[in-house]
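Keep the sequence and the 3D view side by side as you read.

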Amino acid sequence: SAGLVGFVYEKNSDFENALKFYKLALEFNNNELFYHKEIGDCYLALNEKDKAIESYRQPTVIKPNDEPYWHWLGEFYYKLKMEDKALECYVKPTTFEKANSRTWKKLAEFYSEIGKLDLALEACIKSTEFDNLSYYDWCELGHLYRMKLKKYTQAKECYEKSIELEPSCADGWNGLGNVYLYLENNEKAIDCYLKAIEYTEAADSIVSIYHSNLASSYIDTKDYDKAYKAAKEALTLNEKNAAACNCLGRIFLSLDSQISINYFTKAHSFEPDNLVYCCNLSVGYFTIDKFDEAFDFCNKALKIDTH
């Protein structure tokens, strides 16, 4: 189809030809409003900002009461650093008659993104006032409370509601485990991570994260044998799991400093801007009296977080 040809041209950075075929695709089927978004991206790549904005606006003109198109436009304005315009687009769907929990959650996510945490919290609370929230809705709210707003009590309540509605919600169990880990209740964290693994059928990077979380909790309870097995399983599922490498570095720190440093280095190579991995490397180098390297990673850590 014309749209597919446009996609191929866009992927190969031939934006002028991509534009031609996306426009042709719209002529064939003007109901496929996502082509306006693709056209906008091509115009932006060609430094035609005004045309890009107008293309992104079109779906909101054609279907002004459809929430996703306003979120598309909001994301685009934010990409252009037009924060006020972006906020208007996220607020607009909350005024619709069919506004629901996810409408307010999207607004909460945007408020948290721009650092307006009090408003984000208000929008989160509003999102829980609707009936018939699904287990997925509660789980997503838990993530928002935990990761963005650092409100662990509310996050815990959301994860528990998610699991109550769907006991096999692996993501909910993992989120609840992360809350318990923060609360330093490792025994409950371990139980939650084991549930997350039990209820996940696919062997992929998501399950790898559950195993590395489990390994971290085992380390905190000084059960190093189980921690080692969990971390190794995490790397079997995803060899680029930085958290699993970091766990192995922690396990070996008192056993073999060089092996520990090797694992910390691997974790850092996957996530060079991770404060914890820089600090751990600094500690590792101090243990073998390599002070230049230790101070180097101390300085890198300070650049990441001056506090």
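In this predicted model, helices α17 and α18 run roughly antiparallel to each other. The reason is the angle: α17 (residues 275-287) and α18 (residues 291-304) pack at about 160°, and angles over 145 degrees count as roughly antiparallel. The two axes lie 8 Å apart. The crossing of α17 and α18 is left-handed.

Now look at the side of α17 that faces its partner. Leu275, Cys278, Cys279, Leu281, Ser282, Tyr285 and Phe286 make the contact from α17. On α18, the residues they meet are Phe291, Glu293, Ala294, Phe295, Phe297, Cys298, Lys300, Ala301 and Ile304. Sorted by class, the contact of α17 with α18 has 13 nonpolar residues, one polar residue and two charged residues.

The loop between α17 and α18 holds Asp289. Most residues other than glycine have a negative phi. Is Asp289 buried or exposed? Asp289 has 54% relative accessibility, so it counts as exposed.

Phi of Lys150 is near 55°. That value is positive, and Lys150 is a residue other than glycine.

How values were computed
Residues are numbered from 1 along each chain as its sequence is written. This is a predicted model: local features need pLDDT of at least 70, side-chain atom pairs count only at pLDDT 80 or more; totals for chains, interfaces and linings use all residues. Side-chain values use heavy atoms; hydrogens and water are left out. Axes are lines fitted to C-alpha atoms, for helices over the stretch in contact, and angles run from 0 to 180 degrees between N-to-C directions. Helices (H or I, at least four residues) and strands (E, at least two) are DSSP runs, numbered from the N terminus. Angles under 35 degrees count as roughly parallel, over 145 as roughly antiparallel, 65 to 115 as roughly perpendicular and the rest as oblique. A crossing is left-handed if the near helix is turned anticlockwise from the far one by less than a right angle, and right-handed if clockwise. Contact means heavy atoms within 4.5 Å. Ala, Val, Leu, Ile, Met, Phe, Trp, Tyr, Cys and Pro count as nonpolar, Asp, Glu, Lys and Arg as charged, and the others, Gly among them, as polar. Buried means under 20% relative accessible area, exposed over 50%, partly exposed in between (1.4 Å probe, protein chains only).
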